[in-house]
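Visitor: Could you take a close look at one part of this model with me, the surroundings of the ligands? I'd like to know what lines them, and then how the neighbouring pieces are put together.

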Amino acid sequence: MIIRSTQKLGMKLFEVVESRFSTAFGESWNPFYNLGALSFFFFWIVAASGVYLYAFFDTSITSAYTSVESITNNHFYIGGIIRGLHRYASDAMVVTMTIHLFREFLMGRFRGARWFSWLTGVPLLWLVFASGINGYWLVWDQLAQYIAILTAEWFDWLPFFSAPMAQNFLNEASLSDRFFSLLAFLHIGIPLTLLLMMWVHIQRMAKAKSNPPRGLALGTLAALIILSIAKPAVSQAPANLDRAVTDVQLDWFFLNLYPLLDTVSPGDLWGLVGFITLLIAVVPWILPKGKYSIATVNLENCNGCERCFIDCPYDAVTMQPRTDGMSFSHEAVVRTNLCVGCGICVGACPTATPFRRQTQLVAGIELAEFPLKNLRNEVLQASETLSGTDRVMAFACSECGKDKLARQPGVAVVPLPCIAMLPPSFIDFVISKRLADGVFLTGCETANCYHRYGSQWTEERIEGKRDPQLRKRVPRERVARLWTSAVNGGRVQQEIKQFRSRLRDVGPMRDDYASMKQSLSFVSSETGGNIHDTD
Ligand code: HEM
Ligand code: SF4
Ligand code: SF4
């Protein structure tokens, strides 16, 4: 309970800050909506600048420091900028990764089948820190000496090493070139492992956004270049194992735990980081998702069109050769362990149309516990609560939209797990049946959709850019939509008010459109009537 309230409060704070950034940068360039992609981008900057640095780096203990100094000062200044990029992009990666972690936690995007992305994020934390700390070591300055000794003492607490690592750093004579070359080798091996794990991390997400929008990428790169020029990355005094380190400037992004080793024992620090790692890792299981519905395929209604397969944001639908002897080549199959119950596949299925008879209203793919029949019944019931000439049927995403729509007379709200669960034919249905005078759709900002692509797919379906499209005959002045975050409830109310006023101006439905369906009466058995007919 306390965790849930903290989560809600934290998310509200994020949303307030984020909506400012959306105003300043525009929604798609909002860095908060691109944290994973920015982390990837910083990795590539670090990798590219690292290749340059490595080409001129001397892995021997005697020349490492001078080679880094030479890169910084003698490469027509370009080496200095590249070193700055290498350091600042690494720092930036720690920042974006950390905010990304908090944000995914607060948004609850680790629950249910999404546990995989969360769990595979945990080793990334270790690998990013290990890469950065290992990098600082290679400069072999006073800071490197400080890190080397403390890290060795820390690792020596573990029962894995036959000889203590710290004995390599007793004095100048005890550190061998071989050991130092091993560190340099690790600085390639750890980032490569990081890259592999980053790839694994996004495997369960269809069309994962691993590249930030071009404008955001260029702006970020420019900022890093300016920072590298304004505050060049420099070494501290050269290391000298014969003398104790007295004064170092720490990089607080990577080395924030090191000062702790002055006060706590290595064993206690292992206990602390081990506990934090474990706590993060088990989050999906200590805060599980409540009951949610999984998609199921009704084969007799599936024609193998692939739309559910294309639109599922979690790669939970596969297309497999037909098993029931029907003339279609493929059928949809849901991988239930990947399905998060967003319902986007239902909105994508061409057979999901409310114009069917009640008894026939079964789509090729449905949410097991929220079938289309129920959705149509909800729509019919909601319509009965409306009166006047500006009646609005609002469909809202439960994650961000439901609360934005304060109850008000003349507006009926039908919540959905994701706005893209709504097949466009439902909009046609509501208007043509005069169940409302207008349909209002609201969901998350397109660049920040809880279910990743829900708002975008809905927008494209209405715009006629994605199948299934909203039919041309639907009067567009009777359809409004707003993609915005939960904090903007006031804006949603405002938009609905304006929409209703427009509906009053538009006047009653044109008969030629309405009459196409008006002869057909839909009353669900649950609302007490009979289903008569459909087209
Ligand atoms: C190197 C560090 C990391 C990188 C490069 C990275 C990258 C990404 C990317 C590209 C996405 C996909 C965004 C999208 O298309 O919707 C993503 C999603 C996600 N990441 Fe990370 N991530 C990193 C670290 C972490 C960490 C440390 C955690 C948590 C422990 C984490 C948890 C998640 C979760 C829960 C999602 C959302 C999955 C979903 O929407 O189902 N990530 N990450
Ligand atoms: S969208 Fe519907 S008809 Fe098309 S493959 Fe999926 S279940 Fe079958
Ligand atoms: S409900 Fe449908 S779209 Fe959503 S994850 Fe499950 S299969 Fe994919």
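Guide: Let's settle one bit of bookkeeping before we go in: Ala, Val, Leu, Ile, Met, Phe, Trp, Tyr, Cys and Pro count as nonpolar, Asp, Glu, Lys and Arg as charged, and everything else, Gly included, as polar. Keep in mind, too, that what you have on screen is a predicted model.

Start with ligand 3. By those classes its shell holds eleven nonpolar residues, two polar ones and no charged residue. There are 13 residues around this ligand, and Cys 312, Ala 316, Cys 339, Cys 342 and Cys 345 come nearest. Cys counts as nonpolar here, so Cys 312, Cys 339, Cys 342 and Cys 345 go into that class.

You'll find it in the loop between β1 (295-297) and α11 (307-311). Most residues other than glycine have a negative phi. Glu 306 isn't a glycine, yet its phi is positive, at about 80 degrees.

Next up is ligand 1, with 27 residues around it; Gly 36, Ser 39, Ser 117, Gly 121 and Lys 209 come nearest. Its shell splits into 15 nonpolar, seven polar and five charged residues. Which helices are involved? Each of α2 (35-56), α4 (78-107), α5 (115-138) and α7 (177-201) contributes at least two residues. The largest share, seven residues, belongs to α5.

A packed helix pair is described by the angle between the two axes and the distance between them.

Take α5 first. It packs with helix α6 (residues 142-156) at about 125 degrees, the axes being 7 Å apart. The two are therefore oblique to each other, and they cross in a left-handed way. On the α5 side, Ile 133, Tyr 136 and Trp 137 make the contact; facing them from α6 are Leu 143, Ala 144, Ile 147, Ala 148 and Thr 151. Count that contact by class and you get seven nonpolar residues, one polar and no charged.

The other helix, α4, packs with helix α8 (residues 214-230) at an angle of about 120 degrees, and there the axes lie 8 Å apart. So α4 is oblique to α8, with a right-handed crossing. From α4 the contact uses Ile 81, Gly 84, Leu 85, Tyr 88, Ala 89 and Ala 92, while α8 brings Leu 224, Ile 225, Leu 227, Ser 228 and Ile 229. The class tally is nine nonpolar, two polar and no charged.

There's also a contact between α4 and helix α1 (residues 2-25), at about 125 degrees with 8 Å between the axes. Again, that makes α1 oblique to α4, and the crossing is left-handed. Look for Gln 7, Gly 10, Met 11 and Phe 14 in α1, which meet Arg 103, Leu 106 and Met 107 in α4. This contact has four nonpolar residues, two polar and one charged.

Last stop: the sheet. Four parallel strands make an open sheet in the order β6-β5-β7-β8. On average, neighbouring strands are turned by 20 degrees against each other, ignoring direction. Zoom in on β5 (residues 392-397) and β7 (residues 438-443): they pair in parallel over five bridges, and one bridge links Phe 395 with Leu 441 of β7. Helix α15 (residues 454-463) packs on this sheet, where it touches β5, β7 and β8; its direction is at about 150 degrees to that of β7. Helix α16 (residues 489-506) lies across β5, β6, β7 and β8 and runs at about 165 degrees to β7.

One more detail before you go. Most peptide bonds are trans. The bond joining Asp 467 and Pro 468 is cis, with omega at about -10 degrees. You can pick out Pro 468 in the loop between α15 and β8.

How values were computed
Residues are numbered from 1 along each chain as its sequence is written. Chains are lettered from A and ligands numbered from 1 in the order in which they are written. This is a predicted model: local features need pLDDT of at least 70, side-chain atom pairs count only at pLDDT 80 or more; totals for chains, interfaces and linings use all residues. A residue is near a molecule or strand if its C-beta atom, placed from the backbone, lies within 6 Å of it. Axes are lines fitted to C-alpha atoms, for helices over the stretch in contact, and angles run from 0 to 180 degrees between N-to-C directions. Angles under 35 degrees count as roughly parallel, over 145 as roughly antiparallel, 65 to 115 as roughly perpendicular and the rest as oblique. A crossing is left-handed if the near helix is turned anticlockwise from the far one by less than a right angle, and right-handed if clockwise. Two residues are in contact if their C-beta atoms, placed from the backbone, lie within 7 Å. Two strands pair if DSSP finds at least two bridges between them.
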